[in-house]
Structure formats: C-alpha cells, structure tokens
Amino acid sequence: INQSTMLFGKGDALSPDDHRLLHSFAGQLKRSLEQSQLREIAMEATSLARADELRTAILRAVSHDLRSPLSSIKASVSSLRQTDVEWPEETRQDFLFSIESETDRLTRIVTNLLDLSRIESGVLRPVLRSISLEEVIPAVIYETGPGHSDIQLDIDRDLDEIIADPALLERALANILSNALSWSPTPHSIGIFAHRKVDNAHIHIVDHGPGIPVDQHTSVLQPFHRLGDTSVNGGLGLGLAIADRLIAS
C-alpha cells in the first residue's frame, strides 16, 4: 500500500534556505517511515517463522510423541476388555498403571504445547498474589506422578509466603522437576530446597543426574531441543524452555 504525507503551512513565503531545510526534514521523515515499515515487516516475518516452527512441532508430536502413548493405552484397554482371557490381578494392575501413566504423559505433552502456544502469542500474563510454598511445592510433586514421595523437601520456616502467580510457578517447577526425575537414578536422590535471600525467595531443585554440558546451557532452553537429540521419556524437549519463559514472565 502506497502512502503519502502532505504538509501544509501558513505564513510568509519560504526562503531558499527554508526550502532546503523543509526538503531535508521531509527526507528524514520519509526514511523514518520506511524504517518503521521495515521493522513491522521483520517482526511479522519473525512471528510467522515461530508460528511455522510451532506447527511443525505439533505435527511431529501428533505423528510420534502422541501416537506412542495412545498406542500403549489402546493396547492395555483392549487387553482388559478381552472376555476370553482371565487376567491375574497383578497383570490387571499393570494394565491399569500403564493406562494411568501414559494418560499423564499425554496430559504433560498437550499442556506443554498449549503453554508454548500462549507464550509465543504473548497472551500469557502473570497474576501475582500472596501464596504459600508449603502448598505449591507438594502440589508440584503430586503433579509429577505417583511414586515420588521420596523426594527430599526443605523449606525455610521463615519463608511463610511469597508473591507469585501460583499457576505459572507450579507449571515452571513441575517442568524442572520432571526433567530432574527423567535423568536422576532415583527420586530420593532429588531435593527441593527453598530459602529466603534478602527480599527474594530462592528455590533449588537438585538432582544427581549426568548434568548438562556447559556449551549446551543455552541451547537446552530453546523449544524442541533434546539433549543429545534423544529423550528418555518421550517428551518434546519443551519442559526447560517453557520453565525458562514462565520464570522470565
């Protein structure tokens, strides 16, 4: 779309110096408008590129990362529904455990995709209020699934309440804890520690896994990045990236 700008003036006739000054001003104004338009085009191109990357990742999730747990759930349900086989109770419990754990896995994948979509679109806004870490952190541990009661928990007694968005804080901590659980030998080797430092609350999730190489500290915070291009739990490589963005918000 071609745009034109017209300036109207009223008063005495302009001198040659006035004309030169006016032409110089008009030229600078034109360049400023062109640069503004170029910035808008660049921002739109960046937004489109991110949207295209997100669509590609979602298609990849649907084709593989979602299909795998769905297949497991389908197999377990089909087995339980068989009328010509009398499954032992232990086997039935194994089927039910598989259904529950794979459903939790699906929920985490879908939740992460929705979180990333909201973050990238800029619609995610924190709502700050006073909350208790003694309520948030146990909820985070519960969200990661059964069998994690051995996780060490140490919250300073003088850290009664903090100011944060409880939902976003819980999502961020849950993603970091899930990553720690994926790489740690056992849940009881993980510790969650919270203490006050001046006017801030510091929360540490400590594990004894292999660690992240120094040269990959930045890349692991990028969406869809998997350490070593592998995943021990079939994730999309979104957990740490989303946690980083939720904390930054």
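The buried residues of helix α2 are P69, I73, S76 and S79, where buried means under 20% relative accessible area and exposed over 50%, with partly exposed in between (1.4 Å probe, protein chains only). Seen down the axis of α2, these buried residues fall within an arc of 130°, so they line one face of the helix; the arc is taken from the directions from the helix axis to the C-beta atoms. R67, K74 and R81, on the other side of α2, are exposed.

This is a predicted model, in which local features need pLDDT of at least 70 and side-chain atom pairs count only at pLDDT 80 or more, while totals for chains, interfaces and linings use all residues. Residues are numbered from 1 along each chain as its sequence is written, and side-chain values use heavy atoms, with hydrogens and water left out.

Helices (H or I, at least four residues) and strands (E, at least two) are DSSP runs, numbered from the N terminus. An open sheet of three strands has the order β2-β4-β5, with mixed pairing. β2 (152–155) and β5 stand at the edges with a single partner strand each, so one side of each is left without a neighbour in the sheet. Two strands pair if DSSP finds at least two bridges between them.

| Strand pair | Sense | Bridges | Facing residues |
|---|---|---|---|
| β2 and β4 | parallel | four bridges | D154 and F193 |

β4 and β5 form a hairpin with two residues between them. In the turn, V198 has a positive phi of about 60°.
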